[in-house]
Amino acid sequence: MMDTSNVPTGPRENPELEEISPPMTVVGPVAWLRANLFSSPFNTLLTILAVLFLAWVVPPFIRWAFIDATWTFPQEVIEGVRGPNRGDCTASGACWIFIQARIGQFLFGFYPADERWRVVLVFILTFGAVTGMLIERIPFKKQNAIFLFLILPILSFWLLLGGLGLEVVSTRLWGGFMLTLVIACVGIVLALPLGILLALGRRSDLPVVHLLSVMLIEFVRGVPLITVLFMANVMLPLFLPPGTTIDPLLRILVGFTVFTAAYLAEVVRGGLQAIGRGQYEGAASLGLGYWSMMRLIILPQALRISIPAIVNTINGAFMDTTLVAVVGLYDFLNIVRTGSRDANWIGTEIDGFVFCAAIYWICCYGMSRYSISLERKLDTGHKKR
Amino acid sequence: MSASATAQALPTEVQSTDVMISMTDVHKWYGQFHVLKNINLSVHKGERIVVCGPSGSGKSTMIRCVNRLEEHQRGKIAVDGIELTRDLKNIELVRREVGMVFQHFNLFPHLTVLENLTLAPVWVRKLPKKEAEDAAMHYLDRVRIPEQASKYPGQLSGGQQQRVAIARSLCMNPKVMLFDEPTSALDPEMIKEVLDVMIELARSGMTMICVTHEMGFARTVANRVLFMDRGEIIEQNEPEAFFNNPQSERTKLFLSQILHH
Ligand SMILES: Nc1ncnc2c1ncn2[C@@H]1O[C@H](COP(=O)(O)OP(=O)(O)OP(=O)(O)O)[C@@H](O)[C@H]1O
Ligand SMILES: [Mg+2]
């Protein structure tokens with residue numbers, strides 16, 4: 001065969017050339033290090049600084065949190081001779097027995113100990129149903145959705161509050177991680193549809209709908225959550241007929257939901273703006289009315305684009321639940337802080353904070369991982385019109 | 001122009017006397033700009049109209065008024081006896097009967113081809129899913145891409161996407177099909193496959209209005225060719241007469257520009 005390797009131009013007709021695999025890229029850890037960490041002087045400098053920083057921070061933390069930490073109660077406490085206190089943490093590291101001693105309160109607040117199984121049951125049911133929804137391989141999605149969105153809310157309401165044969169537990173006794181989850185879940189589950197409606201309202205041609213949506217969104221976004229919570233706490237009762245009382249937790253839920261919805265509305269509006277006119281026209285030309293068009297064509301695409309921003313907002317809302325402390329509710333963070341102010345446990349603030357941070361981090365990291373996998377799953381690839 | 005010019009021309013006389021689309025004294029303004037001026041057009045059942053004219057002359061605006069993607073401000077438009085007014089019910093009724101194919105396909109990228117096709121039959125016509133799917137496969141067959149049913153639009157070529165768009169409209173069993181420059185966003189080698197599908201559709205007796213600059217297609221398929229300029233219908237005639245013996249100066253100028261380059 002003729003040697004054509006020196007011929008610089010012209011179409012190649014050698015069929016064997018089609019078989020060549022892509023050029024080999026660097027392999028092995030050393031090559032990887034060189035390519036990624038030491039590719040330029042600046043990169044090398046950054047790598048060294050990062051390593052120094054980690055060396056400065058990580059080992060002391062590990063020593064504090066694990067090696068020098070106190071994990072077990074002293075013998076007298078186990079035998080029930082006396083209660084535990086900060087003095088039992090004789091090692092120089094973290095005092096984890098503080099968490100162990102108070103864990104019931106941190107998780108359930110002042111919910112009566114004998115009734116806590118109800119909270120656990122609600123949690124297990126919710127967790128199971130949500131997992132069933134999120135994991136694609138698990139069948140019975142339809143039944144699951146009916147359970148999750150219709151049956152479970154009613155069931156949970158009954159289990160948590162009591163009545164009809166169960167001991168009534170006032171919401172004033174709710175607290176800790178349970179309260180945080182209740183506020184976050186109820187708030188977010190209600191805020192998402194409300195936010196979508198507000199976003200659609202803001203883009204509506206109907207002047208009244210448009211104006212009301214804009215006013216609500218802009219008002220709520222213009223004031224801090226604390227203000228909204230105070231206002232919900234103080235002002236909601238004023239709208240009700242005199243003599244009726246409204247549960248403090250319910251007031252907070254209303255404020256929190258509206259606040260989160262306003263932010264979600266703006267996020268969803270961003271997604272809606274990214275959908276071209278052609279999609280609306282394509283749907284309209286097939287005879288789809290407004291609601292079918294939104295539900296089947298526009299929102300699925302707009303929400304898909306907005307997933308990262310929606311998850312970001314939800315994460316933020318989850319953290320913001322700590323602000324309910326300002327109206328006197330004992331959410332997770334507040335109850336841990338209160339615990340370390342106890343005379344027996346003076347000096348456990350840091351331990352409490354680290355514990356809280358770890359729990360919040362696990363929740364939020366889980367959410368963001370799921371959102372990433374969801375985005376991948378929904379990516380039908382390729383350019384869209 | 002395209003290869004379809006060689007196909008056997010369809011007869012130009014119209015069989016039916018039923019009026020499918022009637023536009024009388026239709027005007028439209030964008031702000032102060034008068035886009036449509038005194039449009040009078042009636043399209044009979046089974047008639048195939050090709051609309052041509054320079055860019056910005058209002059061709060798209062006119063056919064988009066027929067399914068109310070644009071609102072006219074004066075005059076009367078009726079489709080199959082249903083008048084288009086502010087009444088949303090009427091608008092949705094008309095849109096069920098009128099299929100539209102766009103320059104940029106406007107397929108739904110988050111749905112598979114099959115889902116694109118069954119969506120409107122299921123949600124608008126309330127057909128059972130199975131029936132809608134059978135119909136969809138039938139139309140995919142007719143546009144010659146049954147094997148693409150489970151792909152997403154983003155995975156198809158432009159010509160294939162446009163054929164899916166045609167099939168999607170056909171799944172609604174429309175009485176009229178509107179085409180707005182269906183081939184002008186396509187690479188040359190894909191134009192023919194789309195035009196062939198349209199010719200085939202014309203043969204089956206579909207009432208059609210096509211905005212296109214494919215003059216070969218116009219000669220083969222049209223009963224009537226319309227020339228628009230600056231918002232007016234300047235001239236209309238049977239294709240032979242229209243191309244060989246244009247009356248107005250503007251038509252002659254337009255034809256000379258479009259045919260000789
Ligand atoms: N939404 C709008 N607002 C204002 N002017 C518009 C709008 N849509 C179209 N126009 C104007 O109306 C005129 C007619 O537009 P139309 O799209 O109907 O033209 P066309 O004949 O389809 O042209 P083309 O061959 O380029 O598609 C153009 O001058 C255009 O600039
Ligand atoms: Mg146009």
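**The hairpin of strands β9(B) and β10(B).** In this predicted model, β9(B) and β10(B) form a hairpin with two residues between them. B:R230, in the turn, has a positive phi of about 45 degrees. The strands run antiparallel, and five bridges join β9(B) to β10(B), which spans residues 232-237 of chain B. Across this pairing, B:M228 stands opposite B:I233 in β10(B). Two strands are said to pair if DSSP finds at least two bridges between them. Strands (E, at least two residues) and helices (H or I, at least four residues) are DSSP runs, numbered from the N terminus. Residue numbers start from 1 along each chain as its sequence is written, while chains are lettered from A and ligands numbered from 1 in the order in which they are written. Because the model is predicted, local features need pLDDT of at least 70 and side-chain atom pairs count only at pLDDT 80 or more, whereas totals for chains, interfaces and linings use all residues; side-chain values use heavy atoms, with hydrogens and water left out.

**Strand β9(B) and the cover on its two faces.** Strand β9, residues 224-229 of chain B, is mostly covered, with six of its six residues buried. The accessibility classes, computed with a 1.4 Å probe on protein chains only, are buried (under 20% relative accessible area), exposed (over 50%) and partly exposed (in between). In a regular strand the side chains alternate between the two faces of the sheet. On one side of β9(B) are B:R224, B:L226 and B:M228, and on the other are B:V225, B:F227 and B:D229; these residues are all buried. Strand β3 (residues 48-52) of chain B runs parallel to β9(B) and is joined to it by four bridges. There, B:F227 in β9(B) is the bridge partner of B:C52.

**The interface between chain A and chain B.** Chain A contributes 22 residues that are in contact with 27 residues of chain B, contact meaning heavy atoms within 4.5 Å. The area buried between the two chains is about 2200 Å², and carbon and sulfur atoms give 63% of that area. Buried area here is the accessible area (1.4 Å probe) that two parts lose on being put together, summed over both. One salt bridge is counted between chain A and chain B: the side chains of B:R64 and A:E281 meet with N and O 2.6 Å apart. A salt bridge is a side-chain nitrogen of Lys or Arg within 4 Å of a carboxyl oxygen of Asp or Glu. Five residue pairs, both members at pLDDT 80 or more, are in polar contact between the chains. On the side of chain A that touches chain B, α11 (277-285) and α12 (290-320) each supply at least two residues. The helix α11(A) gives the most, with eight residues. By class, this side of chain A has seven nonpolar, nine polar and six charged residues. A polar contact is a pair of N or O atoms within 3.5 Å; within protein, one must be able to donate a hydrogen and the other to accept it, and residues adjacent in sequence count only if both atoms are side-chain atoms.

A:E218 forms a salt bridge with A:R202, the closest N and O atoms being 2.9 Å apart. Because A:E218 lies in α8 (residues 207-222) and A:R202 in α7 (residues 176-202), the pair ties together parts that are 16 residues apart in sequence. A:R202 is buried, with a relative accessible area of 15%, whereas A:E218 is partly exposed at 35%. Both residues belong to a network of salt bridges that also links A:E266 and A:R269.

The side chains of B:R74 and B:D25 meet in a salt bridge (3.3 Å, N to O). B:R74 lies in strand β4 (residues 74-79) and B:D25 in strand β1 (residues 19-30), so this pair ties together parts that are 49 residues apart in sequence. B:R74 is partly exposed at 43% relative accessible area, and B:D25 is partly exposed at 28%. The side chain of B:R86 meets that of B:E71 in a salt bridge of 2.7 Å, N to O. B:R86 lies in the loop between β5 (82-83) and α2 (88-97) and B:E71 in the loop between α1 (59-66) and β4, so the pair ties together parts that are 15 residues apart in sequence. B:R86 is exposed, at 67% relative accessible area, and B:E71 is partly exposed, at 32%.

Terms used
Nonpolar A, V, L, I, M, F, W, Y, C, P; charged D, E, K, R; others polar.
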